[in-house]
Amino acid sequence: MFPLFARKSGRLYDYEPKGTGGVKPLVDMGGGWAEADALVQANVSEGGKGNDLYHRLGGRLFYTAEHGNDTKVVGAGWEIYNLLVSVGNMGGSAEPDLVGRHTDGTLWLYQGKPDGMLQSRIRIGSGGWGGISALAGRGDYTGDGKTDLVARSTDGTLYIYPGTGNLVEDGVLGSRITVGTGWNVHKSIVSAGDNNGDGKTDLIAADTDGLLWLFKGTGNPSAPFVPRVQIGTGGWAAFDLLF
């Protein structure tokens, strides 16, 4: 169960989960975030309980622990990725991993380290990922105990790519499962883990009208979500980023 973070006018906001579905009123985390062109939430510190941040600025990736006093430089050259997302433990290490979509349409996984740094990347998609408009993860959507990747294509089709648990090049993801079409009505798609406390990983989505929706997970790969439930009444389209 993870919070939902949002950015508007360079300020970050924290929406903690209610525990039974939905989010609590916002907590203002402060400004100064307008120039970050990528922001990722990951639970690395405090034994996996910290709500930490990775952010990219000028091609460099930085890591900040929730209760840390400094920000670390993870590395330079990260401008080669036009999508970044935390996917939880997909590579087999105890810490959450990052997935980046390269500008050439390939997909790469970076396993996390306990200090927030990252291991050497491994390719998990050899091409064709340029047709994906959104990525999400941080949980098991198929009920097999392995972390999966959620992807929306530019035509609005939503897919689940099951994790295999095998850290081998182009072998981390299994054959995709089609969830459904019409997902382009959502401006943002985010995984906040098990939002409603039933032990299944859920999705949260904000539509273009500014409403917030919860898609409760079932753990059944043939029908991974029940019909959506509205958890936010308006204004969510004003955020330029949800993560």
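Predicted model: local features only at pLDDT ≥ 70, side-chain atom pairs only at ≥ 80, totals over all residues.

Reader: Understood. Which residues does Leu84 touch, leaving aside those up to four places away in sequence?

Author: Leaving those neighbours aside, Leu84 touches Ala38, Val40, Arg56, Leu61, Trp78, Val99 and Gly100.

Reader: And where does Leu84 lie? Is Leu84 buried or exposed?

Author: Leu84 lies in strand E8. Its relative accessible area is 17%, and the cut-off for buried is under 20%, so Leu84 counts as buried.

Reader: How far apart are Leu84 and Pro162?

Author: They are 78 residues apart in sequence, and their C-alpha atoms are 18 Å apart in space.

Reader: Let us turn to pockets. How much space lies in the largest pocket?

Author: The largest pocket holds about 540 Å³ of space. Its lining is made of 30 residues, and those nearest the centre are Leu84, Leu135, Leu241, Leu242 and Phe243.

Reader: How does the lining of the largest pocket divide by class?

Author: It has 16 nonpolar, seven polar and seven charged residues.

Reader: What is the volume of the second largest pocket, and which residues line it?

Author: The volume of the second largest pocket is about 180 Å³. Its lining consists of Phe5, Leu12, Asp14, Glu16, Met29, Trp33, Asn51, Leu53, Thr64, Ala65 and Glu66. By class, six of these are nonpolar, two polar and three charged.

Reader: Now charge pairs. How many salt bridges does a search of the whole structure find?

Author: The search finds five salt bridges. In general, side chains of opposite charge can pair when their charged atoms come close.

Reader: What about Asp28: with which residue does Asp28 form a salt bridge?

Author: Asp28 pairs with Arg11, and the closest N and O atoms are 3.1 Å apart. Here too distant parts of the chain are linked, with Asp28 in strand E3 (residues 27-30) and Arg11 in strand E2 (residues 11-15), 17 residues apart. Asp28 is partly exposed at 41% relative accessibility, and Arg11 is partly exposed at 32%.

Reader: Which residues are linked in a network of salt bridges?

Author: Arg123, Glu169 and Asp170 are linked in such a network. Within it, the side chains of Arg123 and Asp170 meet at 2.5 Å, N to O. Arg123 lies in strand E11 (residues 122-125) and Asp170 in the loop between strand E14 (158-161) and strand E15 (177-180), so the pair ties together parts that are 47 residues apart in sequence.

Reader: And Asp202: where is Asp202 found, and how far away is the nearest side chain of opposite charge?

Author: Asp202 is found in the loop between strand E16 (186-190) and strand E17 (203-207). Asp202 is buried and has no salt bridge; the nearest side chain of opposite charge, Lys216, is 8.0 Å away. A salt bridge requires a nitrogen to oxygen distance within 4 Å. Beyond its sequence neighbours, Asp202 touches several residues, including Tyr141, Asp194, Phe215 and Lys216.

Reader: One last topic, the backbone. What is phi of Glu46, and what is phi of Arg138?

Author: Most residues other than glycine have a negative phi. Glu46, however, has a positive phi of about 55°, and Arg138 has a positive phi near 65°. Glu46 is placed in helix H1 (residues 45-48) and is partly exposed at 45% relative accessible area. Arg138 is placed in the loop between E12 and strand E13 (149-153) and is buried at 8%.

Methods: Residues numbered from 1 in each chain as written. Heavy atoms only, no water. Helix = DSSP H or I, 4+ residues; strand = E, 2+ residues; numbered from the N terminus. Buried < 20%, exposed > 50% of the residue type's maximum accessible area, 1.4 Å probe, protein only. Lys, Arg positive; Asp, Glu negative; His and termini not counted. Contact = heavy atoms within 4.5 Å. 1 Å grid on protein atoms, 1.4 Å probe; cavity = no way out; pocket = protein on both sides within 12 Å on 5 of 7 lines; lining within 4 Å. Points joined across faces, edges and corners; volume = space filled by probe spheres on them. Nonpolar A, V, L, I, M, F, W, Y, C, P; charged D, E, K, R; others polar.
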